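Student: Could you take me closely through one part of this model, the helix packing, and then show me what sits around it?

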Amino acid sequence: MTKGIIFDIKELAVFDGPGIRTTVFLKGCPLRCRWCHNPEGLSAAPQLMVSLGSCTHCGRCDEICPSPEHCITCGKCVPVCPLHLRRIAGTPWTAQDLADRLLRDKEILGMSGGGVTFSGGEPTLQGTFLLEVLPLLRGMHRAIETCAYCDSALFTAILAELDYVIMDLKLADPAAHRQWTGVDNGLILKNLRILEDSGLPYRIRVPLIPGVTDTPENLNGIAALLDGSRHLEQVELLPYHRTAGAKYEMVSRVYDPRFDETVSPRGDLSPFAKRGIPASVL
Ligand code: SF4
Ligand code: SF4
């Protein structure tokens, strides 16, 4: 049985689909968006996170570490830190254990029309695990938040076990998509058509990055891609927040956005309005 690597489980989530939900964050993402604010979700493997800003250099973590040259994520240094500055992001779960945990709240979440949402990282990167846990949750409202960059057969199989989809669309132009996320958007657009043809209700999220995704060309391009969609419920524009880079140092990564973070992004809804697509800025 596959084990899922999960870096967070958020209860009482109200922005991750209909009603009140439990959101499960799966580790690993095939994209490298310059604005990513969840760097602990990029690697598929568990990893140590350290808040170095408050460290008093007491040395307790070094004393207990069995592998100072190369962290093996054993977790031994986590409980010895008196300031609780260290944690392991990424815990293995079996599908059955996760389902048991989620089903505990099935009735109460269901009263609001809610349920469970799998997010990340990019949850389809752990597609085998998803296909084990989703059938165990039948009867609970099941959603996914995805960039849809995954094998189309896998995407189709996952959709068959879902009630709702939140899909990110970042850039309509393939070259710009490669430049800012590291991958081409051809597969994503193919999977968007598969999603539309599945008949599942879905919403599209567009991160508003100043000078990158918030341009009239890009918002018009995305609106054109969505023109005529029958099962699209709404488009949500998500303004960039300047705190995005805060966690990079904790996972030994460098935040290098390469766009002007001091500029506020523009949330122009008119490209969607003129096509009759409901849209809002979150
Ligand atoms: S988790 Fe902590 S104790 Fe374990 S190898 Fe990494 S730094 Fe050392
Ligand atoms: S145990 Fe905590 S406070 Fe002490 S050196 Fe390690 S991280 Fe810093």
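Tutor: Let's start with helix α5 (residues 152-159) and helix α7 (residues 186-198), whose axes come within 10 Å and cross at roughly 30 degrees. Axes here are lines fitted to C-alpha atoms, for helices over the stretch in contact, and angles run from 0 to 180 degrees between N-to-C directions. That angle makes α5 roughly parallel to α7; the cut-offs are under 35 degrees for roughly parallel, over 145 for roughly antiparallel, 65 to 115 for roughly perpendicular, and oblique for the rest. The crossing of α5 and α7 is right-handed, a label used if the near helix is turned clockwise from the far one by less than a right angle, with left-handed for anticlockwise. On the α5 side the contact is made by S152, F155, T156 and L159, and on the α7 side by K190, N191, I194, L195 and S198. Contact here asks for C-beta atoms, placed from the backbone, within 7 Å. By class, the residues of this α5 and α7 contact come out as 4 nonpolar, 4 polar and 1 charged. For those classes, Ala, Val, Leu, Ile, Met, Phe, Trp, Tyr, Cys and Pro count as nonpolar, Asp, Glu, Lys and Arg as charged, and the others, Gly among them, as polar.

A word on the ground rules: this is a predicted model, in which local features need pLDDT of at least 70 and side-chain atom pairs count only at pLDDT 80 or more, while totals for chains, interfaces and linings use all residues. Residues are numbered from 1 along each chain as its sequence is written, and chains are lettered from A and ligands numbered from 1 in the order in which they are written. Helices (H or I, at least four residues) and strands (E, at least two) are DSSP runs, numbered from the N terminus.

Helix α5 also packs against α4, at an angle of about 20 degrees with the axes 10 Å apart. These two are therefore roughly parallel to each other, but α4 passes α5 in a left-handed crossing. Here G127, L130 and L131 in α4 meet L154, A157 and I158 in α5, which divides into 5 nonpolar, 1 polar and no charged.

The peptide bond from G120 to G121 is cis, with omega near 20 degrees.

β6 belongs to an open sheet of 9 strands with mixed pairing, in the order β5-β1-β2-β6-β7-β8-β9-β10-β11. Strands pair if DSSP finds at least two bridges between them. β5 (91-94) and β11 (279-281) stand at the edges with a single partner strand each, so one side of each is left without a neighbour in the sheet. From one strand to the next the twist averages 30 degrees. Inside the sheet, β9 (residues 202-208) and β10 (residues 232-239) pair in the parallel sense over 7 bridges; I204 has V235 in β10 as its bridge partner. Helix α2 (residues 95-103) lies across β1 (3-13), β2 (21-26), β5 and β6 (115-120), running at about 85 degrees to β5.

One more backbone detail: H84 sits in the loop between α1 (60-64) and β4 (86-89), and its phi is near 55 degrees, a positive value in a residue other than glycine.

Technical notes. Two residues are in contact if their C-beta atoms, placed from the backbone, lie within 7 Å.
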